[in-house]
Amino acid sequence: MLSSPVRLIPRTIRLVHSPICNFSRSFMDLKVLLSSLNDFASLSLAESWDNVGLLVEPSPPHTVHTLFLTNDLTEEVMEEALQKKVDLILSYHPPIFRPLKHITWKTWKERLVIRALENRVGIYSPHTAYDAAPQGVNSWLAKGLGVCTSRPIHPSKAPNYPTAGTHRVEFSVNCTEDLDKVISAVKEIADVSVTSFSTRTDDEEQTRISLNCSQEALIQVVAFLSQSRQFYQKTEILSLEKPLLLHTGMGRLCTLDESVSLATMIERIKRHLKLSHVRLALGVGRTLESPVKVVALCAGSGSTVLQGREADLYLTGEMSHHDVLDAASQGINVILCEHSNTERGFLSDLRDMLGAHLENKINIILSETDRDPLHVV
């Protein structure tokens, strides 16, 4: 199942924002704000390996007057946030990713937690939930390509199954006596729902049993059915897949309305990301004048998402040396912009979108010290 394409038309909106906090605005309780942030982009969209959501919470109740946006929460950025007296930091990358075994002054990430708690500042990270969201980081990155249609490379799935259970077990029963025994037995298994309907096979009336069950219940159902050769040989087991979500998922496959030269595409990307330089690997047989029609992109580190995707160009922040070689050998051009350079510009759009979503109830400001750690010298 493929999601329908999204048509992307780049537009320029000029907004003036004051870095000075506007204390005339109202405030939000932290729990209410977290609920609104989840309505904006559900954390269920995040990858299973990610660490998202509220990472540091001051003792409740906690009131948020000012929300501070940053791509990376470094000690320099934390100092800026404290000077601006913010109440909640939204750090796109989670500053706590691997478990902390202790909270001391020894490492910089531990010091971030200590300073946040001492100053009653919460830390929230959406990370890959914002990557997947229809209005998120990857869609923002695609705006720099020009007019195009776009769809997720790896579509997200709905957080819940459309029906109860993860598997469906179906089998047929011939006689009414067996039917009563079977239904009575399976109903005693937890997390199993039972439906039945009449069928005719080879001019013989039968009752078809359909069971929706969880992974744990499936083992018990199969164990029960295996006791009867009559049932077990006619059993079908189906895995129930969650439905795909339109316009939502990792990466974007973008098809331009009109092909442009690779050189033109490079300039568009540099202009969108406000970069003077990018890194380029020419695909085998390609030149700067080669046409670009299809672009596969992934903000941040794109190797896993982009691998094996047919396109004229891969656009991402970073890829491994060998993944770049593999892509180039297939005639695919690769542009690398450094990891956070493909993400940070989204925060300006995020500020405006959250302002509207939260009905301007709180002050939202961008970090002025947040930057990519790598520089061209």
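Guide: Start with aromatic pairs: rings of Phe, Tyr and Trp (its six-membered ring) pair if their centres lie within 6.5 Å; planes under 30 degrees apart count as stacked, over 60 as edge-to-face and the rest as tilted. A search of the whole structure finds three such pairs. The model is predicted, so local features need pLDDT of at least 70 and side-chain atom pairs count only at pLDDT 80 or more, while totals for chains, interfaces and linings use all residues. Residues are numbered from 1 along each chain as its sequence is written, and side-chain values use heavy atoms, with hydrogens and water left out.

Visitor: What makes Tyr 130 and Phe 346 an aromatic pair, and why is it called edge-to-face?

Guide: Their rings lie 6.2 Å centre to centre, with 75 degrees between the planes. Helices here are DSSP runs (H or I, at least four residues), as are strands (E, at least two), numbered from the N terminus. Ring pairs also link Phe 40 with Tyr 130 and Phe 346 into a cluster.

Visitor: How do you know that Arg 344 is buried?

Guide: Its relative accessible area is 16%. Buried means under 20%, exposed over 50%, and partly exposed in between (1.4 Å probe, protein chains only). Arg 344 is therefore buried. It sits in the loop between strand E19 (333-336) and helix H12 (346-357). Contact means heavy atoms within 4.5 Å; leaving aside neighbours within four places in sequence, Arg 344 is in contact with Asn 71, Asp 72, Asp 370, Arg 371 and Asp 372.

Visitor: Why are helices H2 and H3 called roughly parallel?

Guide: The axes of H2 (residues 75-83) and H3 (residues 108-118) come within 10 Å and cross at roughly 10 degrees. Angles under 35 degrees count as roughly parallel, over 145 as roughly antiparallel, 65 to 115 as roughly perpendicular and the rest as oblique. That makes H2 roughly parallel to H3. Residues making the contact include Met 78 and Leu 82 of H2, and Trp 108 and Leu 112 of H3. The axes are lines fitted to C-alpha atoms, for helices over the stretch in contact, and angles run from 0 to 180 degrees between N-to-C directions.

Visitor: What covers the buried residues of H3?

Guide: The cover includes strand E3 (53-56), H2 and strand E7 (122-125). Among the buried residues of H3 are Leu 112, Val 113 and Ile 114.

Visitor: How do you know that strands E5 and E6 pair?

Guide: Two strands pair if DSSP finds at least two bridges between them. Four bridges join E5 (residues 66-70) to E6 (residues 88-91), and the two run parallel. Phe 68 stands opposite Ile 89 in E6.

Visitor: What makes both faces of E6 covered?

Guide: Leu 88 and Leu 90 on one side are buried, and so are Ile 89 and Ser 91 on the other. In a regular strand the side chains alternate between the two faces of the sheet.

Visitor: Why are E11 and E13 called edge strands?

Guide: They belong to an open sheet of four strands in the order E11-E12-E10-E13, with antiparallel pairing. Strand E11 (192-201) and strand E13 (236-239) each pair on one side only.
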